[in-house]
Amino acid sequence: MSYQVTPATQLGTMGVDEVLDEAAPKPPKKGSIEAHRPSAKKVGVRALLNIAAFIVFFASVFPVYWMVNMSFTPGNKIISRTPSLLPLDFTWQNYVTAWTREAAPGQTDFPHALLTSTIVTVGVIVVTLLFAFLASVAVARFHFRGRRGFIVAVLIVQMVPGEAMMFTIYGMIDDWRLMNTMLGLGIVYVAAVVPFTIWTLRGFVAGVPADLEEAAMIDGCTKSQAFWRVTFPLLAPGLVATGIFAFIQSWNEFTMALLLMKGYNLTLPTWLNSFQSATEATNWGAVMAGSTMIAIPVVIFFLFVQGRMTGGLVSGAVKG
């Protein structure tokens with residue numbers, strides 16, 4: 001006599017709960033493809049974030065693209081009611097005009113303004129990093145009387161807008177007989193950039209453990225050798241980041257340069273302002289060409305230090 005296992009027999013032997021558990025869908029196993037597959041909600045949120053990021057990127061990049069596009073477009077096409085998204089009538093004449101023409105009668109041209117801005121910016125970067133580096137090391141590594149007050153003073157100075165001190169700065173530079181000189185403008189830029197640079201570098205110095213220097217001293221290094229061989233390389237990301245800030249602030253600054261510089265000693269932003277307002281009919285093609293040439297050194301400088309900054313960050317993370 002044969003015996004068959006029927007569903008009723010299974011229910012009698014296994015129980016209702018066990019049968020329901022076997023029939024219910026099981027969750028995906030850990031590590032499987034189904035477990036790593038994002039849900040529909042996460043996919044939707046990610047798509048919205050990507051769309052928002054693209055909109056922000058387009059809004060940021062399009063003005064720069066339009067500036068470059070207009071710099072290669074003839075003047076009669078720029079004022080057209082139907083502008084083109086591409087420079088179909090390509091021309092270099094706008095760059096030639098911006099490079100050779102004076103901003104105004106008796107004022108500087110682009111090459112001399114470029115030289116002035118370069119000298120001032122390089123000087124500001126070197127002096128700022130030197131003073132800020134020494135001050136940040138002193139604040140982060142040493143405990144002295146007035147240390148907390150010095151840090152608070154740095155913050156307060158940084159919060160004061162530069163426009164509120166324009167007349168005071170003008171009077172001081174005039175009394176020192178430094179009006180319309182690169183030295184006077186450089187002093188103003190250094191005073192404006194140093195507080196923020198000290199505060200930023202202080203965080204980098206404090207983030208490097210002092211135990212690294214002590215370990216190097218145990219291995220036979222002196223205190224100065226331990227600092228320059230161990231701590232200083234780890235501060236490279238901070239020096240590069242603050243150097244970028246000092247460069248951008250000095251290169252693009254307009255208000256103080258307009259107040260202190262004139263004639264043949266204009267910087268690039270003030271030259272562009274004079275170049276734009278020199279004639280009644282503004283040559284927008286040449287203005288856009290001048291703006292593009294002013295922006296090119298910033299892009300080159302950032303591309304040059306970007307790899308060094310990233311490499312310094314990785315190196316610091318590994319060594320720390």
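**Pockets and helix packing in a predicted all-residue model**

The second largest pocket is lined by Phe133, Leu134, Val137, Arg141, Phe142, Ala210, Glu213, Glu214, Met217, Lys223, Phe227 and Trp228. Here a pocket is an open set of points, on a 1 Å grid over the protein atoms alone, with protein on both sides within 12 Å along at least five of seven lines, a 1.4 Å probe being used, and lining residues have an atom within 4 Å of a point. The model is a predicted one, in which local features need pLDDT of at least 70 and side-chain atom pairs count only at pLDDT 80 or more, whereas totals for chains, interfaces and linings use all residues. Residues are numbered from 1 along each chain as its sequence is written, and side-chain values use heavy atoms, with hydrogens and water left out.

The space in the second largest pocket amounts to about 230 Å³, a volume being the space filled by probe spheres set on grid points that are joined across faces, edges and corners. Helix 7, helix 11 (211-218) and helix 12 each contribute at least two residues to its lining, and the largest share, four residues, is that of helix 7. Helices are DSSP runs (H or I, at least four residues), as strands are (E, at least two), numbered from the N terminus. By residue class, the lining of the second largest pocket holds eight nonpolar, no polar and four charged residues; Ala, Val, Leu, Ile, Met, Phe, Trp, Tyr, Cys and Pro count as nonpolar, Asp, Glu, Lys and Arg as charged, and the others, Gly among them, as polar.

Helix 7 (residues 110-141) and helix 12 (residues 223-234) also pack against each other: their axes come within 14 Å and cross at roughly 95 degrees. The axes are lines fitted to C-alpha atoms over the stretch in contact, and angles run from 0 to 180 degrees between N-to-C directions. The two helices are therefore roughly perpendicular, the class for angles of 65 to 115 degrees. On the side of helix 7, Phe133, Val137 and Arg141 meet Phe227, Trp228, Thr231 and Phe232 of helix 12, contact meaning heavy atoms within 4.5 Å. Five of these contact residues are nonpolar, one is polar and one is charged.

The largest pocket has a volume of about 670 Å³. Its lining comprises 25 residues, and Gly162, Met165, Val188, Ala191 and Ala192 lie nearest the centre. Two or more lining residues come from each of helix 8 (147-159), helix 9 (166-175), helix 10 (182-207), helix 13 (236-252) and helix 14 (255-260). Helix 10 gives the most, with seven residues. This lining divides into 17 nonpolar, six polar and two charged residues.

The loop between helix 9 and helix 10 contains Arg177 and Asn180. Most residues other than glycine have a negative phi. Arg177, however, has a positive phi of about 60 degrees, and Asn180 likewise has a positive phi of about 60 degrees. Arg177 is exposed, with a relative accessible area of 76%, whereas Asn180 is partly exposed at 22%; buried means under 20%, exposed over 50% and partly exposed in between (1.4 Å probe, protein chains only).

Thr292, in helix 16 (residues 284-319), is buried, with a relative accessible area of 8%. Beyond its neighbours within four places in sequence, Thr292 contacts Met67, Val68, Ser71 and Tyr95. Overall, the protein has 16 helices and zero strands, and 29% of its 320 residues count as buried.

How values were computed:
Parallel < 35°, antiparallel > 145°, perpendicular 65-115°, else oblique.
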